[in-house]
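Trainee: I am new to this structure. Could we go through it together?
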Amino acid sequence: MNKYLDKIDKVFTICCTDDNGRINIANYMKNRLFGDFCEIRYTAKFKRPEINIESLFDKYEDLKALSDDTWWGTYNCAREHYLTIKQAYNRGFETIMICEDDFRVEPDNEEEFKNAITQLPDDFDIVKMYSNNNTLISDDNKDFELYNDYYYKFVEDSNNYSSTICIIYSRKGMEYMMKWYEEEFMPFDRYFNIICTEKFNEAIINNELKVYHLIPVYLILEPYDSQITYRKSSS
């Protein structure tokens, strides 16, 4: 069933939620796409009294208006991404995929998703399967050059390509993500946002990392639409 995952050592799903619906959907996606090849990291939202959450997010103007609960959810999500990568690295995995609990592939697009995974670039360090700015990813975007029928290669980053809904890392990619997190805490998707940091862009321009992006084929949907789609497909 998992022959298409030959280029990946392990799939992880971060299920950092108290919402039973999202937990059930994460299980559904695991069973449908990955089976036992995927480990789900179940965590729950928690507050840590030793951390001043307001101070931690003080520089993010767009987060200041959010609720205390949302801040802690963002913190826990970033922490789990880092711990997942670090533990996978320590276990010796060379290539991993990390999905969040809102990762979705429509049943009608499952074959296309699997084909895309079989066509991963040979030299990748990071492959982003989705970004908030998916609409900007096209042949005329100067941030990319075409690699194959499924992927663009980053040549620079002048836009916001945040979102960690589904990312594939090589061992070198893991090393960079751990280093960036240990140097400066940010919500995890903001390491890919040029508005927040130059780290990602500099690594691309300096040819330190080979980074690719899936050509948008609507395999991965936004959380709320996807949950509706999931409920329909499971009925």
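Trainee: What does the chain average in pLDDT?
Mentor: This is a predicted model, in which local features need pLDDT of at least 70, side-chain atom pairs count only at pLDDT 80 or more, and totals for chains, interfaces and linings use all residues. Residues are numbered from 1 along each chain as its sequence is written, and side-chain values use heavy atoms, with hydrogens and water left out. The chain averages a pLDDT (the predictor's confidence in each residue, from 0 to 100) of 88, and 92% of the residues score at least 70.

Trainee: Where is the pLDDT below 50?
Mentor: That applies over residues 223–235. Where pLDDT is low, the predicted coordinates should not be read in detail.

Trainee: Turning to the sheet, what is the order of its strands?
Mentor: The open sheet has 8 strands in the order β2-β1-β3-β7-β4-β8-β6-β5, with mixed pairing. Strands are DSSP runs of E, at least two residues, and helices are runs of H or I, at least four, numbered from the N terminus. Two strands pair if DSSP finds at least two bridges between them.

Trainee: Which are the edge strands?
Mentor: They are β2 (38–43) and β5 (144–146), each pairing on one side only.

Trainee: Which residues of helix α4 are buried?
Mentor: In α4 (residues 110–118), E110, F113, K114, A116 and I117 are buried, meaning under 20% relative accessible area with a 1.4 Å probe, protein chains only.

Trainee: Why do they line one face?
Mentor: Seen down the axis of α4, the buried residues fall within an arc of 155 degrees, so they line one face of the helix. The arc is that of the directions from the helix axis to the C-beta atoms.

Note on methods: Contact = heavy atoms within 4.5 Å. Buried < 20%, exposed > 50% of the residue type's maximum accessible area, 1.4 Å probe, protein only.
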